[in-house]
Amino acid sequence: MSYLIHLQCSSCGQKFDPDRLWNLCPACDKPLLARYDLGRLQTQLKKEELAGREPTIWRYRELLPVKDQRYQVTLGEGGTPLIPAKILGSRLGIQHLFIKDEGNNPTGSFKARGLAVAVSRAWELGAGQLSIPSAGNAAGALSAYAAAAGLPAFVYMPRDVPQNFIAECKALGASIQLVDGLISDCGRVSNEEAKKYGRFDCSTLKEPYRVEGKKTMGYEMAEQFNWSLPEVIIYPTGGGTGIVGMWKAFEELEQLGWIGQKRPRFVAVQAAGCAPLVKAFLEGKSTADFWNDARTVADGLRVPAAVGDFIILKILYDTRGTALTVTDQEMIEGANLLGKTQGLFVSPESGATVAALQKLKNSGWIKDSEKIVLFNTGSGYKYSHLWY
Ligand SMILES: *Cc1c(COP(=O)(O)O)cnc(C)c1O
C-alpha cells in the first residue's frame, strides 16, 4: 500500500515518526509534510498500471499515507472530469481551456479529497473524536467522512455561515458549534476544545494529511493530460491547501520520472474583501499579514490568514505565477457565464476563476494559445441563496 516513510517540517526540515498523530511541527509550529520512498516506488510501479484502477483518489494509494486498507474510508471522492470548455473558451478567446470539475465530489467540493485521507489516517492512528474549524465546505466533508468511519465529528463554523452548510452537517450527524467571528476564531475554539476533550483537530495544514488528499487533484490532472501539465492553473485560494497540494504532487511526479521539470504558472484568486495573499504577493513579501474585516460571499475564500502562506507565496514566485482579486459581483457574473456556456452550476469561488481569467486575458498575461485549467472547487448548490 503506502510508501510513506516520514513526516518532514516544511520550514525547519526536521523529520518525525509518521505512525503517530501530529498537528504542527513541535519545533517551529509550521506544517508537516508527508514524504514517501519514491526511489523504491519508481522500481515497483509503472504509471501505465494506474489506468486499470478504481476512479477515486485511492488509485494513488502508494502515494497516500493510509497503510492498512481496512481504514480507507471512501465515498467515491476524486476521479472528477477535466472538461474541455469549448464555448466558454471561444467566448473569452482562449483556445485550450479546461475545467477541473471538483463539484462532482461527495459533499459537493474538493474538500472531500482532503478529509477522506485525513479521517482515514487519523482513524488508523487511533483518533477517537475529530474536530474542524471551517468556513463551510470542510465541515460538511469532515462530517461525512467521520460518519463513514464511525467517529464523532465536532465542527466549528462562523455564526453567519449560510444555512445550507449547517443543514448538511446536521444531516450527517456532526455536533455543530457556531462561533462569533471568522474561520480564524473557529480555529482557536476548535483547537482549545480539542485539547480539553482529547479530540484530534483537523484544521487545514495543521495536520499533515488533508494536503495529501488534495494533491491528488494534481496527479489526476497530469494523468488526464497524458502526463503533461497545462501552462496555467487558476485556483480560488483561501487557505491555499489546494495549491500546496498540487505543487507537492508535481514534485513527486517529477521525482518518479513520470513528468518533466516544466511547471504551470499558478494563479491565486482571492476576493477583493479578503485578499491577504494577493496583498503579500504584490508587495513581494514572503509571508502574509492577517486581513482585518474579511468580507465575501465566497465562504471558502473568507480566510484572513493562511498557515501555509510562506509555501503558497514561494510557489507563486517560483512558477512566475500571479495573484489577483475579483469582487463578489464579478464572481457571480463569472459563475453565470460558466453556467450558461458550459452547463455547470458552480460556487462563487469557482466563478472567481472565470473573472480572473478574463482579467488576465485582457491584460495579456495569458496568451490565446496557452493551455489553461480553471478549478471548479465546489458546486453552486450550497450557495443557492445567492441566486434567489
Ligand atoms: C475551501 C474552498 C476553497 C479554498 O481552498 P484552499 O485550497 O483552502 O485555498 C475554494 N473553493 C471552495 C468551494 C472551497 O470550499
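A search of the whole structure finds zero disulfides. A disulfide is a covalent bond between the sulfur atoms of two cysteines. Here the term is applied to a pair of cysteine sulfur atoms within 2.5 Å. This is a predicted model, in which local features need pLDDT of at least 70, side-chain atom pairs count only at pLDDT 80 or more, and totals for chains, interfaces and linings use all residues. Residues are numbered from 1 along each chain as its sequence is written, and side-chain values use heavy atoms, with hydrogens and water left out.

**Cysteines**

- The closest cysteine sulfur to that of Cys 28 belongs to Cys 9, at 3.4 Å, which is too far for a bond.
- Cys 28 is partly exposed, with a relative accessible area of 26%. Buried means under 20% relative accessible area, exposed means over 50%, and partly exposed is in between (1.4 Å probe, protein chains only).
- For the sulfur of Cys 274, the closest cysteine sulfur is in Cys 186, 13 Å away and too far for a bond.
- Cys 274 is buried, at a relative accessible area of 0%.

**Overall build**

- The protein has twelve helices and 13 strands. Helices (H or I, at least four residues) and strands (E, at least two) are DSSP runs, numbered from the N terminus.
- The radius of gyration is 19 Å, close to the 21 Å that the globule rule gives for 388 residues, so the protein is as compact as a globular protein of that length. The radius is taken over C-alpha atoms, and the rule is 2.2 Å times the number of residues to the power 0.38.
- Along the principal axes, the C-alpha atoms fill a box of roughly 50 × 50 × 40 Å.
- Of the 388 residues, 61% count as buried.
- Take the contacts between residues at least 6 apart in sequence: 70% of them join residues at least 24 apart. Contact means heavy atoms within 4.5 Å.

**Surface and charge**

- The accessible surface is about 14600 Å², and 48% of it belongs to carbon and sulfur atoms. Areas come from the Shrake-Rupley method with a 1.4 Å probe; for residues, only the protein chains shown count as cover.
- The protein has 44 positive and 40 negative charges, and their mean positions are 2 Å apart. Lys and Arg count as positive, Asp and Glu as negative; His and the chain ends are not counted. Each charge is placed at NZ of Lys, CZ of Arg, CG of Asp or CD of Glu.

- Ser 120 lies in helix H3 (residues 111-124). Its relative accessible area is 0%, so Ser 120 is buried.
- Leaving out residues up to four places away in sequence, Ser 120 touches Trp 58, Val 66, Tyr 71, Gln 72, Val 73 and Leu 115.
- Lys 215 sits in helix H7 (residues 210-224). Lys 215 is buried, with a relative accessible area of 0%.
- With residues up to four places away in sequence not counted, the residues that Lys 215 touches include Tyr 36, Leu 63, Met 246 and Glu 252.
- Lys 215 and Val 73 are 142 residues apart in sequence and 17 Å apart in space, C-alpha to C-alpha.

**Positive phi in loops**

- Most residues other than glycine have a negative phi.
- Thr 107 is not a glycine, yet has a positive phi of about 60°. Thr 107 lies in the loop between strand S5 (96-101) and H3, and is buried at 18% relative accessible area.
- Trp 227 is not a glycine either, and has a positive phi of about 60°. Trp 227 is in the loop between H7 and strand S10 (232-236), and counts as buried at 15% relative accessibility.
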